[in-house]
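My entries follow in the order in which I looked.

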Amino acid sequence: MTGYQRTLRLMALWLVSWGALRLSAQTTFPINGIYDQREGLYAFTNASIYTAWNQRIDNATLLIRQGKVEAVGQKVNVPAHAVVIDLKGKTIYPSFIDLYSDYGMPAQRQDAAPGGRLFGGAVQRTTSKKGAYNWNEALKPEFRAHEVFNPDDKAAKTMRDIGFGAVLSHQHDGISRGSATMVLLGEAAPHELIVKDKAAHHFSFRKGSSRQDYPSSLMGSIALLRQTYCDAQWYKATQGKEEYNISLQAWNDLAGLPQVFEVGDCLEALRAAAIGREWNVQYILKGSGEEYKRLEDIKKTGSPLIVGLNFPEAYDVEDPLDARQVSLAQLKHWELAPSNPARIAAAGIPFALTSHGLRNKADFMAQLRKAIENGLSEQDALKALTHTPASLMGVSDKLGSLAPGKIANFFITNGNIFDKDTKVYHHWVGGKPYVLKNIDVPEVVGKFSLEATTPTPGGQLWRYDLVVSGTDENPDMKLMLNDTASVKVKHTLQKDHITLSFAFKEGQNRVRMSGVINGRQWSGRGEDEQGRVFTWTATYTSPSEPPKDVKKDDKPATKSEPGPITYPFGAYGWTTPPKPGTWLITNATIWTNEKEGILQNADILMRNGKIVQVGKGIKAPDATVIDGTGKHVTSGIIDEHSHIAISRGVNEGTQASSAEVRIGDVVNSEDINIYRQLSGGVTTAQLLHGSANPIGGQSAIIKLRWGYAPEQMKLEGAPGFIKFALGENVKQSAWPGSDRYPQTRMGVEEVYNDYFTRAREYGALKASGKPYRRDLDLEAILEILEGKRHITCHSYRQSEINMLMKLAERHGIKVNTFTHILEGYKVADKMAKHGAGGSSFSDWWAYKYEVYDAIPYNGAVMHEQGVTVAFNSDDAEMARRLNQEAAKAVRFGGVSEEDALKFVTLNPAKLLRIDHRVGSLKAGKDADVVLWSDHPLSVYAKAEMTFVDGIRFFDRQEDLRLRADIQAERNRIIQKMIQEKQQGGKTQPVMGRQSFKLYHCDDDEDEMD
Amino acid sequence: MKNIPLALIFCWPIISLLAQTPVPAPPQEMPVYIVGATAHLGNGQVLQNSVIAFENGKITLVRTPENLGQVNLSRYKIIDAKGKHVYPGFIAPNTQLGLIEIAAVRATVDAGETGQLNPNARAIIAYDTDSEVPPTVRAQGVLLAQITPQGGLLSGQSSIVQLDAWNWEDAAYKTDIGLHINWPRLYSFNWFQGTTNRNENYDKEIAALETYLKEAQAYCKNTKPDERNLKLDAACPVFTGARKLFIHADDAKAITTSVQLAKRYGITPVIAGGRDAGILTDFLKANNVPVILGNIHALPSRDDADIDEPFKLPVQLHQAGILFCFSMEGFWQQRNLPYQAGHAVGYGLPYEQAIAALTLNTAKILGIEATTGSLEEGKDATLFISEGDALDMRQSTVVQAWIKGRQISLDHKQLELYRKFKIKYERKE
């Protein structure tokens, strides 16, 4: 027995009795018994020590005392009374830190069913929490994780076993989740484990357990956060004199801490960061694992990231019909997700790794190795588990590295922690050891001479060779009956005790032996197959022969390269962003929408994103010429009423006014319908809030710049719009039992009257110079009164249309656009006089009572009466053929073809007040141009090419190539998945995930549960 | 041409501001002789400069001048249709026309009975001839419709009606022609997760359908059952072929599974919907299964799908030689049925095949082709004249229409409202 082994054995004895000990010199708790405080002075010698993520010292000593590091390095004076542990050949790492945990937090309320009208329950409009708290229950800034922290030995062990020694824990519930606490993963009273009581303020977009109806949409969550920042500022300024509010006080108290925001996808990361920018907060983003999809944009936010390793399992795609359910985006995500950490590291974004999201925490190291196989360097991995989380939380003085004064959090391995076969022996947390695996394993591999002797002196029973192969930790034993025949020997090994059993012939009674280990000599007592007692010894004779024909693991011959990242991520995305070209379309029929009318055999030139010239005989040597012979060219189609490209909820219909919410906050650039609509010639759309309440949210006007990030899709400098709505939807006619005000058209008028009146008073208060609480709802309505924001009003019946015009006039404003406006034909003269436009369906009717008088001649009548008329889609499918809808104005009411086309081009541009840029073909305007195969109002016409800002975002020929690419890429990844399944990889059943949800005006489900 | 619609609007014999559907037309008294039109026969053929004549509700002549022979023109009311188009009346299959007046007003909706198994429910008796909707539909050339119940697993029985009648009895063209299975969805959308997952009840629902067919088949062999079972009775004509089986299914596996099930009971079904039919053409052809296409004005089924997946489906089925026709979900929407066909032409379907898929193909699939569905001598005089191409919205102005020789009114509530408010603006009140 070596001295080294003796030391370890001693230590093992020590470890047994550690549980009851305290390391601190003093305690507030009374002691029942004899005071037993020890110094905890340990010296770990001869080890390779990672003192930090980027520094390893070999042959070094780590000295700890009372739970802290006292010294580390090659020249450490070890006090004589220190317990010395020789770690020759072993490695010490600083413990990992997980910043995204709910360790030790109380179990969350699990309501059987969500409330709200969808589920037949009563609507909860304000918080149900008693006390002077925030009006909204999803905001819990007053929650203090450290006040309820309760250590959980089982969960702590799970985390320690995968290398973590400390976590930042918070309650995963709500939009503001209150403060998180930094704790050690030891088994002790919470008093000893809390490293930092209030360490961070946590946020998400999800309501969690709150059953309050607001917010029901993502844009509502965003608005709620923005409003709360306003409220908190006001609360600080007024020092609580206006009202006492525990939540706002708590919110302000947490302002100086790191602010951590959990997001659900890569676009939400950008949205959270945008909120932070507005309020000068640099959030640390808890990512979704798909940051790589929009990495450059995320990098620009400057946000550090917390990233998980819960990479998706392969889908079971062997059945080709079932496999159709899985989208290319899902397939590609499976392939690319493991490279997410590496890509983040390569982009130079500071990030921490978390075990959060893993169904089985024990998979952590395996998943981490997957990330490393996909390009993450071991050094970056170590940094992301130690240095970065410590510094993000401002606890680098205590955690994340091994230096004098820091907490003694480290673990001991037999090698590189990132290698598959590396073992962790001990994990020391706060200077206390936790044993995963005994270090002192006896050396048992080799050939032994096993001799059994009867109690009678000299009475040898038998002698055989015992061959022990494998490893000391996991040995295989067999008894050689002669040169070739052997029997398997079962055994148990415990420190210095051993048991053996075997049968000379299979099925016969067994010989059983038990004994002690003294170095390479074993001895003990046994009973043979007939129960006769004997004594035995086993003596080491020689090394066992190495196994013959050792084959190296055949790794897959070639590791196939993952496919490219596309923008957007998935089908029909771009691998490189398209650029504006110089295009000359020649010899086409050109519908100018200008006084020149329709030009035959004419040309149009686009350059630098603008239309340069429209006319005959245009020459441009630098241009790509497109032969337009027999074809038609029009301005891009503008959909005045669209709900595509919106994430998680089109309505915040929980209150009569939701003027504070903005569609612009939730533009979904990944929606495949953007591309599909380009194929129908659409180039611009107004993304509207729904019609669930009288005053809805603010619109976004986007160009269909497929592949661009949400902010880049927005039409620069477009004026502000807001959705209003009248009639059955806002009365909630379809919700029996609804009691939200208003329930009648009478109430609808009063809501507007009230809000306009209050907004005016609010404006006066603002102008007065007195302190005021910034109210985002009234701000938006004030903008309407000031003419800075324009109304698009969902409307059907003439009575309400008339009402709103009269009410607006009383308040000195105009209604910009009535949308739907199916009874516009009854009051077209009044609309013209008021100056309101009409944006209608061509021919929809009979889907509800208020559209029973709708007629397809509506557009024509309004047009004749001098109203600016548009036809819109309100529908992702119909938008692809708005040119055909325009043709119905010719069929129903005899509008001229030239004017009918304007219903979907120039007129919506006018209604959106962007006709100086789009809507007609004239030099200087945006090059938003469609090349049609046929007369654009013909049912047979197809958009062959669609240009936005001179960029050819759709080309029917190119589309055919993309389809082939999609098939090829799908097949490549599917084959890879099948291979993984055949090699024993885990799979999950097929499941489809689309890039969008389809919304119409009245979709009003709660999406924030 | 621009002024023609207006002229038409003010020339109707019945100028009325009463909110009533038009009076049904009387039987044909005088033979009609339409000359000079481009006649789209519905069977894939087209006659330029045609002669179409009909009397007593039946078509008597479908000719070109070369093979016309001797005709005594004095007997006829002669219509000069030079430059215009004549079509057989379009047929709208699989519709809830007349079963729904206003979709969101529950009291006006009779489209689906409660419960899963309603094979005995008969749509014909709920068909409302006084609905304001059918007149707007027939003004677009749709003159016949298959009134079809919805919902559950077995939705009930459909009937064919003509769209100009006093009551459902004289609207009935052929009653209780089909039994409708609403095939369960293989995948269902989970709103909260935003994912499409396999429908967990799928196998159970299929088992319920199979049990129904198995037990009905046995039951129907008993000619004098001690106790009548209305639900099982409804299936008996299906086993003899006297009643068709319509299976509403879109997903490829749903289509193959449902057809295999029907075959086990000796039934050749009709697939309604058929979104994935384009990848099953060999299977459908081999089993002689016709398809009533669902809306082709639909989004592609998946993110990765071809952007024109629904638009090109008709031409795919045509090229594969599968009998198919167009349909349009819903009720008021039927007036846009012709434009679906037009859209398919834009994606490669030959024009006359598109007409066939609104007329004769539809009639064949519904089992009424012996008497209607095409312009052929001896068939019903159910047809219309359009100023221009009836499949293109910019030209499709129906000017005259006949059902079994009766010239129907093309007026409707929406024209009435149009006239009414024209008056308001003309008076400048």
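I began with strand S45 (residues 992-993) of chain A, which is joined to S11(B) by two bridges, the two strands running antiparallel. For Arg993(A), I found Thr195(B) as the bridge partner in S11(B). Helices (H or I, at least four residues) and strands (E, at least two) are DSSP runs numbered from the N terminus, and I take two strands as paired if DSSP finds at least two bridges between them.

I noted that this is a predicted model, in which local features need pLDDT of at least 70 and side-chain atom pairs count only at pLDDT 80 or more, while totals for chains, interfaces and linings use all residues. Residues are numbered from 1 along each chain as its sequence is written, and chains are lettered from A and ligands numbered from 1 in the order in which they are written.

Next I looked up the contact of the two chains (C-beta atoms, placed from the backbone, within 7 Å), to which chain A gives 55 residues and chain B 44 residues. On the side of chain B, the elements that give two or more residues include helix H1 (4-11), strand S11 (195-198) and helix H13 (413-427).

I then turned to an open sheet of six strands in chain A, with the order S34-S36-S37-S38-S39-S40 and mixed pairing. Strand S34 (695-698) and strand S40 (869-871) of chain A are at the edges with a single partner strand each, so one side of each has no neighbour in the sheet. S34(A) pairs with strand S36 (residues 720-725) of chain A over two bridges in the antiparallel sense, and Gln698(A) stands opposite Ile722(A) in S36(A).
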